[in-house]
Structures are given as structure tokens and as C-alpha cells.
Amino acid sequence: MPMMGVKEVEMTYTARPEMSGRVSDTGWHVVTAILAVVGIVAAALGTWMAYGPDDGILTLFGWTWNVADITEVWAPILMIGGGGLAALTMGIESTRDWGADNSAWVIWLEAFAAVVGIAAVIVGIVFLF
């Protein structure tokens, strides 16, 4: 029987107590990875449109587009939007992984993807104006 005014506390001991309070981040990692891939693909498609072949025909997996029919503003918009999405998601991920002391190669890979996204945004802005 507990004493009046005294709260019972159950304690758990683990080998790594700093990890016991963390919630699994698997869902977050999956979402940011998908968003980063979408951003990189969009930025790559915008870059391909901007530096596309001289005949104006783009072919991808059997699909063919006449780039001359697409408005010139699509290339920089895809570069800015896709690069921004990749830079944002991978910048957040590398910062979170840095704070969690994760593997260095993962942090550098995410940081590199963020830098490539920033470069796509800059080039897209230059093309836009």
C-alpha cells in the first residue's frame, strides 16, 4: 500500500539509456528520402530540358517530348522546385544525423545531395532571369 503523498516510480535500466528515450525515426527517413528523390528527378529533368538536345526532342523510357512545345519557364521552375525540395530534405536529414552521431558517410552523402540541390536552385534562378 502506497504512502499518502508519495509517488511510486518504476525505474528501468538499459545498457544505453540515451537511446531508450528516442522514438523510431524510420517513417521520417522514408518520407525525406522519397521527397529528396522526387526533387532530384525534377531538378534533373529541368536541367535536361535546359541543356537538352539541339533538335528539341527528349526521349525517356520510350516516351518522347518535343521540348520546343514546352514553355521555356518549365526548365528553371523544375530546377528551382526540385533542387529546393532536395536541399531542404537532405539538409534537415544531415543535420539530424549529425546530432544523432550517425555514420559519417551517410551524413556526407546527405550533405552532398543538399549542396547539389542548392546548386540546382541557383542555376534555375539564373535561367529564370
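Student: In what order do the elements of the chain run from the N terminus on?
Tutor: The secondary structure of this predicted chain comprises four helices and two strands. Read from the N terminus, the order of these elements is α-α-β-β-α-α.

Student: How are α2 and α3 oriented to each other?
Tutor: Helix α2 spans residues 26–50 and helix α3 spans residues 74–99; their axes lie 7 Å apart, at an angle of about 150°. Angles over 145 degrees count as roughly antiparallel. The two helices, α2 and α3, are therefore roughly antiparallel.

Student: How many nonpolar residues has the contact of α2 with α3?
Tutor: In this packing, α2 passes α3 in a left-handed crossing. By class, the contact holds eight polar and three charged residues, while the nonpolar residues number 18.

Student: What is the handedness of the crossing of α3 and α4?
Tutor: Helix α4, residues 104–128, packs on α3 at an angle of about 155°, with the axes 7 Å apart. The pair α3 and α4 is therefore roughly antiparallel. Their crossing is left-handed.

Student: Into which classes do the residues of the contact of α3 with α4 divide?
Tutor: The contact belongs to two helices whose axes are 7 Å apart. Its residues divide into three charged, six polar and 19 nonpolar.

Student: What percentage of the residues of the chain count as buried?
Tutor: A residue counts as buried under 20% relative accessible area. The accessible surface of the whole chain is about 9,500 Å², and carbon and sulfur atoms account for 70% of that surface. Of the 129 residues, the buried share is 25%.

Definitions and conventions. Residues are numbered from 1 along each chain as its sequence is written. This is a predicted model: local features need pLDDT of at least 70, side-chain atom pairs count only at pLDDT 80 or more; totals for chains, interfaces and linings use all residues. Side-chain values use heavy atoms; hydrogens and water are left out. Axes are lines fitted to C-alpha atoms, for helices over the stretch in contact, and angles run from 0 to 180 degrees between N-to-C directions. Angles under 35 degrees count as roughly parallel, over 145 as roughly antiparallel, 65 to 115 as roughly perpendicular and the rest as oblique. A crossing is left-handed if the near helix is turned anticlockwise from the far one by less than a right angle, and right-handed if clockwise. Ala, Val, Leu, Ile, Met, Phe, Trp, Tyr, Cys and Pro count as nonpolar, Asp, Glu, Lys and Arg as charged, and the others, Gly among them, as polar. Buried means under 20% relative accessible area, exposed over 50%, partly exposed in between (1.4 Å probe, protein chains only). Accessible areas come from the Shrake-Rupley method with a 1.4 Å probe; for residues, only the protein chains shown count as cover.
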